[in-house]
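Look at the sequence and the model below.

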Amino acid sequence: MSTSKNAIVLPTIGLGGFYKFEIRRNGRVRYDSGWFENLITNGGLDALGQSVALANWCAVGTGNTIPTNADVTLSLPLAVAVASGSSQGVVTTGTRYGWQRRTYAFAQGAVVGNIAEVGVGWTNSPATPLFSRSLVSPATSIIALDQLTVTYETRMYLPTVDVTGGPIDIGGTNYNFTVRPINANSNGTAGYRTGQGWGVGLLSLPASPRIWFNPSFGIYPCLAARAPCILTPVDETFVWTSAGVAATSDFSESGTNGAYVSSSFECNFSAKFSAVRANFVGGIQGFLFSGLFGTYQCILSAPVNKGNTQELTMNWRQSWARRP
């Protein structure tokens, strides 16, 4: 059985983000901005595929130039602080998304002036290359007695429309596919360990080559499910059979990660099922996949028959963008 010659295309993930300012004086909060939106820059979208720690640093400045997609730094940068905390969760009602927050505590007296802009990025310079940028409105006056804490939140929005595609060639036979999110109520970090869901880990990515898919990260980064399979509601935890019960499954043992192409805003990877895996009577019809950008189910238009002398390698593709 050959590698699938075409990729299963996962939904394009919409990304967004928000900032919050908190200023303390003599231990008391004197200003809380509430949440305000940011612009994820072109460089930030590109950095998701590069070997950088996206949001290790926060920079503030006094410039009031309106942010643009092409921004690489603040207009008039003033000071920078390192990330000091992280949390994550999911929103499961209304517009659904997973979120991750990082906090940045500037030392008292480190920020003095009329602060009008903020950004997060990956160097410890006030002119850090920016993952995101926002104006602070209204601009906030900070004196030497004040201590500023900035919180940045990135959001990974749950796709609301199924992705259909094909045909893809698997072992000389053409198949169509449908992809839909799954395990949407779980705040387990997508692609990591147990409980993979829609928790976001993007802001914690290290300055090393991206691993879109890694079997060592979890119990089921990619599972194959025994036919016959149907699409599961997004809140369910697993692929169903047509009888409405969880399908028998088996896991991939290895995977490969394609090199990122600059400015493509997409990644390519594969999951391999060896000769001893997923040899179901009736064939394979479903997959459950969890990677950096969420957790998904994929249902094929017909079963793939795999024998115990055959290997199956499934190719996948994921893209990302600013949420409109």
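Leaving aside its neighbours within four places in sequence, which residues is Ser 301 in contact with? Contact means heavy atoms within 4.5 Å. By that test, Ser 301 is in contact with Tyr 175, Asn 176 and Gln 285, its neighbours within four places in sequence being left aside. Before going further, note that this is a predicted model: local features need pLDDT of at least 70, side-chain atom pairs count only at pLDDT 80 or more, and totals for chains, interfaces and linings use all residues. Residues are numbered from 1 along each chain as its sequence is written, and side-chain values use heavy atoms, with hydrogens and water left out.

Stay with Ser 301. This residue lies in strand E23, residues 294–304. Strands (E, at least two residues) and helices (H or I, at least four) are DSSP runs, numbered from the N terminus. Ser 301 counts as partly exposed, because its relative accessibility is 47%. The cut-offs are these: buried means under 20% relative accessible area, exposed means over 50%, and partly exposed lies in between (1.4 Å probe, protein chains only). Gly 171 is 130 residues from Ser 301 in sequence. In space, the two are 15 Å apart, C-alpha to C-alpha.

Now turn to Leu 202. Its place is in the loop between strand E15 (196–199) and E16. Leu 202 has 2% relative accessibility, so it counts as buried. What does Leu 202 touch, not counting residues up to four places away in sequence? The list is Leu 15, Leu 48, Leu 54, Gln 100, Leu 292 and Phe 293. One of these, Leu 48, is 154 residues from Leu 202 along the chain. Their C-alpha atoms are separated by 7.8 Å.

Gln 108 also sits in a loop, between strand E8 (97–105) and strand E9 (113–121). Is Gln 108 buried or exposed? Gln 108 is exposed, because its relative accessible area is 53%. Its contacts, leaving aside neighbours within four places in sequence, are Ala 144, Leu 145, Asp 146 and Gln 147. Arg 25 is 83 residues from Gln 108 in sequence. Their C-alpha atoms are 8.9 Å apart in space.

Next comes the backbone. Most residues other than glycine have a negative phi, and most peptide bonds are trans. Some places here depart from that pattern. Ser 137 and Pro 138 are joined by a cis peptide bond, with omega about 0°. Pro 138 is found in strand E10, residues 130–142. The bond from Ala 227 to Pro 228 is cis too, with omega near 0°. Pro 228 has its place in the loop between strand E16 (222–226) and strand E17 (229–230).

Ser 263 is not a glycine, yet its phi is positive, at about 70°. Look for Ser 263 in the loop between strand E20 (254–257) and strand E21 (266–273). Ala 278 is not a glycine either, and its phi is positive at about 60°. The loop that holds Ala 278 runs between E21 and strand E22 (284–291). Ala 278 counts as buried, because its relative accessibility is 1%.

What about the cysteines? The structure holds zero disulfides. A disulfide is a pair of cysteine sulfur atoms within 2.5 Å. For Cys 298, the closest cysteine sulfur is in Cys 222, 9.0 Å away, so the distance is too far for a bond. Cys 298 is buried, with a relative accessible area of 1%. Cys 58 counts as buried as well, at 0% relative accessibility.

Finally, step back to the whole protein. How many helices and strands are there in the protein? There are one helix and 24 strands. The radius of gyration is 22 Å, close to the 20 Å that the globule rule gives for 324 residues, so the protein is as compact as a globular protein of that length. This radius is taken over C-alpha atoms, and the rule is 2.2 Å times the number of residues to the power 0.38. Along its principal axes, the C-alpha trace spans about 70 × 35 × 30 Å. Buried residues make up 50% of the 324 residues. Among contacts with a separation of 6 or more, 72% come from residues 24 or more positions apart.
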